[in-house]
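I opened the model to look up its overall build. Then I turned to a single residue.

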Amino acid sequence: MAGVADAVAVARVGELAPGQTKKFLLHRGDREEECFLVNHNGALYAYVNRCCHIPMTMDWIDNQFLTEDQRYILCATHGACYLPQTGECIVGPPLGKFLTPVPLHVRDGEILASWP
Ligand code: FES
């Protein structure tokens, strides 16, 4: 499991306003994961950008991950809705499944992400 030492900076503290998201890549060896940060009501969460229904990215329009009311993470393909706080799917085909969380840390004003 990755520790803080392996973490990479993905954003500055305060960079994302509530309702904003940002994509980033994590690398390990020859593996690469596309992930995204989301600011939900002032708290930051990060997940691998892969739906629990079909393992594909969820933002049909680049970096558009949230429902219009910004309450849920949305998979644009079949409309699955996930809770930003936990990654649990509450509506849609992968009901009850969880997005893969990406551990976050804060150091010296930067948001660091670790391999999930
Ligand atoms: S691929 Fe995401 S809901 Fe079907």
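This is a predicted model: local features need pLDDT of at least 70, side-chain atom pairs count only at pLDDT 80 or more; totals for chains, interfaces and linings use all residues.

Numbering runs from 1 along each chain as its sequence is written, and side-chain values use heavy atoms, without hydrogens or water.

I looked up the secondary structure. I found zero helices and nine strands (DSSP runs: H or I of at least four residues for helices, E of at least two for strands, numbered from the N terminus).

I checked burial next. Of the 116 residues, 37% are buried (buried is under 20% relative accessible area, exposed over 50%, partly exposed in between, with a 1.4 Å probe and protein chains only).

Then I went to lysine 22. It sits in strand β2, residues 21-28. Lysine 22 is partly exposed, at a relative accessible area of 26%.

I listed its contacts (heavy atoms within 4.5 Å). Beyond neighbours within four places in sequence, lysine 22 touches Val10, Ala11, Glu15, Leu16, Cys35, Phe36, Leu37 and Asn63. Asparagine 63 is 41 residues away in sequence, yet the C-alpha atoms of the pair are 6.4 Å apart.

I also looked at the polar side. The side chains of lysine 22 and glutamate 15 make a polar contact of 2.8 Å (N or O atoms within 3.5 Å; within protein, one able to donate a hydrogen and the other to accept it; residues adjacent in sequence count only if both atoms are side-chain atoms). A polar atom of the lysine 22 side chain lies 2.9 Å from the backbone oxygen of valine 10.
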